[in-house]
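Biologist: I would like to learn how to read a protein model. Could we go through one together?

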Amino acid sequence: MKRLDNAPAHLSRTFKGTYRLTGRVVEFDNAKTPFLKLRLSDCMGDHIAMLNLDKTQVPERIGHLDYVTASGVKCLSNQFVLDGFRKATREEVAALDTLQSLPRVYCPVPEVLDQLVATVQSLQSAHMRKFLMLALERKDRLEAFLNAPASVNYHHAYPGGLLAHSLDVANNAVAMLRLNEPNMPRLMQETCFVAGLLHDIGKTYTYDSKGKPNAAWKLCSHDTFTLEACAYGLAYLDKHEPDIAMTLRHIWTCASPGARYGQPAAMTIARYIRDADGQSAMADNQQRAFRTKSSWGFSRLGQNLFWRPEIPALQSL
């Protein structure tokens with residue numbers, strides 16, 4: 001590694017920001033100067049930054065995925081040489097946009113992450129944005145949410161499938177709500193989106209940070225973890241939007257047809273989310289069933305049989 005101490009000031013630009021710490025390793029430049037190589041991440045991407053260990057003392061108790069604030073200059077190598085590195089304050093963390101801290105580096109489907117962040121940041125309700133921050137930006141859950149499949153052998157069974165399926169259900173549920181009840185208040189539309197987005201959030205307890213099934217996957221139904229995963233957010237809503245908090249609890253726990261437990265659905269949003277969930281799963285399975293076969297006729301995926309009619313090519317007008 002080239003010597004980093006002597007980067008020309010006129011060929012660099014200043015840098016400062018608050019990020020998640022997602023990687024660090026000690027390296028030495030050509031002059032044998034020890035540097036701490038850091039990876040600083042957010043929803044937009046990563047910054048590789050170098051901290052001179054001879055000049056700057058590394059703060060203690062900064063761990064993986066902690067919030068950090070760093071400052072320095074950017075060199076021609078596109079690396080950052082830091083002159084400041086510390087744990088972020090509560091005020092600095094609070095100043096970040098909702099979901100800004102989700103590390104893009106851990107998401108196998110970055111285009112879906114972009115859609116998620118853009119949609120969540122467009123929500124008008126500050127309380128709903130805060131709720132999602134409390135539910136999704138937890139460092140013990142966020143890697144699983146970004147990495148996990150929606151299922152092991154069923155629909156969206158690929159890294160990042162949980163995120164893709166969750167956003168699909170949220171968007172489709174809102175589309176059904178707007179089609180059938182166009183006068184529904186904006187807050188209820190946003191509640192529908194949040195309920196759909198987090199309907200499978202309990203699965204973050206059944207997969208590890210790399211998206212692999214863990215013991216809970218074999219021992220517990222993911223539905224049992226939904227309220228636990230959203231506990232901090234629901235406690236916040238209880239203080240600011242108590243009826244919305246109860247709405248979410250009802251949607252996530254009401255009974256599906258044929259279920260042994262749960263109260264009957266008492267609002268249409270619960271049905272929209274149930275239907276959107278089933279449609280998302282079936283659409284993904286149908287796509288997989290015909291992925292390596294003819295685009296029409298019968299195809300089987302597991303125990304499910306799918307059929308596509310043969311449609312003649314459109315004639316020119």
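**Reading the model**

Modeller: This is a predicted model. Start with H156: its relative accessibility is 6%, so H156 counts as buried, the cut-off for buried being under 20%.

Biologist: Where is H156 placed in the chain?

Modeller: H156 sits in the loop between α4 and α5.

Biologist: What is the phi of L99, and is L99 buried or exposed?

Modeller: L99 is not a glycine either, and it has a positive phi of about 70 degrees. With 0% relative accessibility, L99 counts as buried. This residue is found in the loop between α1 (90-94) and α2.

Biologist: Which residues of α2 are buried?

Modeller: V112, L113, L116, V117 and V120 are buried in α2. They cover an arc of only 135 degrees around the axis, so they lie on the same side of α2.

Biologist: What do the buried residues of α2 pack against?

Modeller: They pack against four listed helices: α3 (126-136), α4 (142-147), α5 (161-180) and α6 (186-197).

Biologist: Which residues make the nonpolar surface patch?

Modeller: F298, L305 and W307 make a nonpolar surface patch of about 390 Å². F298 lies in strand β6, residues 297-301. Its relative accessibility is 60%, so F298 counts as exposed, the cut-off for exposed being over 50%.

Biologist: How many helices and strands are in the protein chain?

Modeller: The protein chain has 11 helices and 7 strands. Its C-alpha trace spans about 70 × 55 × 50 Å along the principal axes.

Biologist: What share of the residues in the protein chain is buried?

Modeller: Of the 317 residues in the protein chain, 47% are buried. The chain exposes about 17100 Å², and carbon and sulfur atoms supply 53% of that area.

Biologist: And the contacts along the sequence?

Modeller: Take the contacts in the protein chain with a separation of 6 or more: residues 24 or more positions apart account for 58% of them.

How values were computed. Residues are numbered from 1 along each chain as its sequence is written. This is a predicted model: local features need pLDDT of at least 70, side-chain atom pairs count only at pLDDT 80 or more; totals for chains, interfaces and linings use all residues. Side-chain values use heavy atoms; hydrogens and water are left out. Buried means under 20% relative accessible area, exposed over 50%, partly exposed in between (1.4 Å probe, protein chains only). Helices (H or I, at least four residues) and strands (E, at least two) are DSSP runs, numbered from the N terminus. The arc is that of the directions from the helix axis to the C-beta atoms. Contact means heavy atoms within 4.5 Å. Patches are made of residues with over 30% relative accessible area and no salt bridge: like charges are joined within 9 Å, nonpolar side chains (Val, Leu, Ile, Met, Phe, Trp, Tyr) within 5 Å. Accessible areas come from the Shrake-Rupley method with a 1.4 Å probe; for residues, only the protein chains shown count as cover. A salt bridge is a side-chain nitrogen of Lys or Arg within 4 Å of a carboxyl oxygen of Asp or Glu.
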